[in-house]
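This report describes selected local features of one protein model. Please consult the sequence and coordinates shown below while reading.

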Amino acid sequence: MNATIQEIEGIDDYWGPAFRSVYEGEGHEAFVQQLDDRIKQHDKEIEKLCNFHYQGFIDSIRELLQVRSHAEELHAEISNVDANVKETTEALCIRADELIRARRVELNIAATIEKMELCLPLLTTYSKLKSQVEAKRYYPALKTLEQLEHVLLPRVGPYKWCAQISSDIPRLRQAIRDASMADLRDFLENIRRLSPQVGAMALKQTQDMMGRSLANIISKKDKSQGVTASDGPQCPHELVDFSPLHRCLHIHTVLGAKNDFIQYYRSQRRQQARLVLIPSSGNLHDSIQGIRNYLHAVLGFFILEEHLLTAGAGLVSKDWLLDTWGMSVTKVASTLRTNTSLVTDPNLMLKIKDQIMLFINTLKCYGLPTDPLPLLLQEMAEHYTEVLMQRWVGVFRDILDNGSFLPIEVQNQEEYDSVMDKFPYDGEELETQPFPRKFPFSSLVTSVYVQVKEFIYAWLMYSAGLGLGGERRAGAARHSASLLLSRSFAGCLSALFRRPLPLVQLVQIIVDTQYLEDATVCLYEFISNITGSELVTTQAAGSMFQAARDDAEQQICDKLEKKVDEFLDLENYDWLLVEPIGQASSFVTDMLSYLSGVLTSLEQLPERARVAAVRAATNRIATRLRALLLDPAVKQISSGALYQLDLDVIQCEQFAAGEPVPGLREGELLEHFASLRQLLDLITGWDWSSYLHDVGIDGGKYTLVTPKDAATLLEKLKEAEQKSSVFSVLKKNERDRRKLLDTVLKQLKQLQNQDS
């Protein structure tokens, strides 16, 4: 137990184990007894200690009493002081409360200022954004919007007005995008309006460059000294302000829609290209201005696209530009081909050709392909030739309508030199003759020759600048001149020959065409001199007027046949003539004399023409005489009339046998009278046995006499004999002859029936 008590005394704060050991043990009473004893022991010790210190305690009490009085005095003083302090501190507390409130307000103001300092850039930036949008400065506005969204708004707290600004940002971004697209559409409209001016400026610069020479450069430099440079655009693309386009591109780049913007721009420009390719005026062929405006618009469009190829930041690619141009140049060529094919004015054709050449050269300057425009110029050259030929058809018609078709006669040397200057004629024979001198050709030759040279000049004006070599130009010019003569002029001649012309004029025209054909070599030499090419002597006109000459020769033949008909229409045969007059009829003699004179006047014609004329005349004579003999209207023919006709045929045969013109085969003209001669010989010779024996046998004496013709003539003889012997008694020989005639006539009719 003592140990437990000692443990309790030794521990101040944790007695639990000691008490647990007491309660768990059996010595509770002993423990309590010992604990009381221990307490008494300590009381005694305390009493001893107090007694030991009692005097000190008394002194302390005495001092304490003294201190009490002092304490009361001090308390009174403190009370006074406290009262005074209370009075003083009440105002101070009021001031302190006011100070606290002021300090709180100051802190709130400072916090507010701090927040406002954070919000002020946001508000300033937002106001700036509004101003930029209103001023249509969309690219800076978009940059401001990006700063507002990603920098300033996250820095400011979640205020309601910040949420409103945040919700307004997508709308502003879309508004900027829509506004930039509106600017793009305005730019596209503006660029379409300015494209013709760009193209016109580019063509003018190309034209100035093509006409530039060292002398021109020096003269322009001298003139430009002391003159300030012009503030105007120096390059065609400077006429257009591309800044709206670049702003739109930058805006869509910032918006992340650059590819969409590029595709939209290209699609819009391709649509504009299709519109540009459609002429604004429906009829480009009416004037050169329509062609100019069309080419200016097309060229300006692609010059601007070519500029964007290098300065457009990917807006235009090389492949896209070439693809669009390939589509466009084909359409341009087709449009020009369609409209130029309707042009009928050669001067307008020349202007169009020059404009297209300038267009091609400008395209080369900007690196754009020119095919198929050179091919178009070649096709236009063919049409230009047709237009020139059509114009010269009118010139040739005027020459032919106003021509006298008489050989040129000059009275003096001046007139002679004038003709020689116009036409390359070898006049050595005329040089020795006195005046007046007469050329073998008419004014038609000189007029046509001069006009052909004018045609060549006009054609060469078109070929200039096409890049053709001298040989090609010369060959094309020769071909065009040949076409002019062989088609246009020959066609005018053929039209002229459809009208009735005097024989003299027909002869002169044939002579003139021969001289024009011979002068073709001189025309080729003239072309070679102009083009600087070698003279081509193998290419000749040949018979370029042969068709026209054939028409003229046919008309000569027709006139001769008509004249023969006129002479034969004057015949006054007495078909019941008893005895012939012993010589050819007068109309036959006159007719042959006329033919001889006409054939003499045809000496200037080619041999072929004279041969054709005499063939036609003799054939007509033979045909008409035979027709007279077998005319159904003539019912009776006496032997005397038959012998008279035989004399006329003999006269004609003598004319034919005399070969009135050279170039005939021997006996050729007599062949025309062969059938008539055999018929007359058969009747006058009364050689019926030979005829009946040789019928149907080739090579017979009377092969060309048909049974029908022989029977017809015999019937006419029979009728005439019956009329003359109706009141007389026939002699025996006449009766025998009559019987023979009846017998032969019967056999001829049998043969005729067999043939039919």
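Which backbone oxygen lies 3.1 Å from a polar atom of the side chain of Gln508? In this predicted model, that atom is the backbone oxygen of Pro440. Gln508 belongs to helix H18, which covers residues 503-518. Its relative accessibility is 4%, under the 20% limit, and Gln508 therefore counts as buried. Leaving aside residues up to four places away in sequence, Gln508 touches Phe405, Leu406, Pro407, Pro440, Phe441 and Ser442.

A second feature concerns a pair of helices. Two packed helices are described by the angle between their axes and the distance between the axes. The axes of helices H23 and H24 are 11 Å apart, at an angle of about 145°, and the crossing is left-handed. The residues that form the contact are listed by helix.

| Helix | Residue range | Contact residues |
|---|---|---|
| H23 | residues 639-657 | Leu642, Tyr643, Leu645, Asp646, Val649, Ile650, Glu653 |
| H24 | residues 674-685 | Leu676, Arg677, Leu680, Ile683, Thr684 |

By class, the residues of this contact comprise eight nonpolar, one polar and three charged.

The buried residues of H24 are Leu676, Arg677, Gln678, Leu679, Leu680, Leu682 and Ile683. Just after H24, Trp686 adopts a positive phi of about 55°.

Conventions
Residues are numbered from 1 along each chain as its sequence is written. This is a predicted model: local features need pLDDT of at least 70, side-chain atom pairs count only at pLDDT 80 or more; totals for chains, interfaces and linings use all residues. Side-chain values use heavy atoms; hydrogens and water are left out. Helices (H or I, at least four residues) and strands (E, at least two) are DSSP runs, numbered from the N terminus. Buried means under 20% relative accessible area, exposed over 50%, partly exposed in between (1.4 Å probe, protein chains only). A polar contact is a pair of N or O atoms within 3.5 Å; within protein, one must be able to donate a hydrogen and the other to accept it, and residues adjacent in sequence count only if both atoms are side-chain atoms. Contact means heavy atoms within 4.5 Å. Axes are lines fitted to C-alpha atoms, for helices over the stretch in contact, and angles run from 0 to 180 degrees between N-to-C directions. A crossing is left-handed if the near helix is turned anticlockwise from the far one by less than a right angle, and right-handed if clockwise. Ala, Val, Leu, Ile, Met, Phe, Trp, Tyr, Cys and Pro count as nonpolar, Asp, Glu, Lys and Arg as charged, and the others, Gly among them, as polar.
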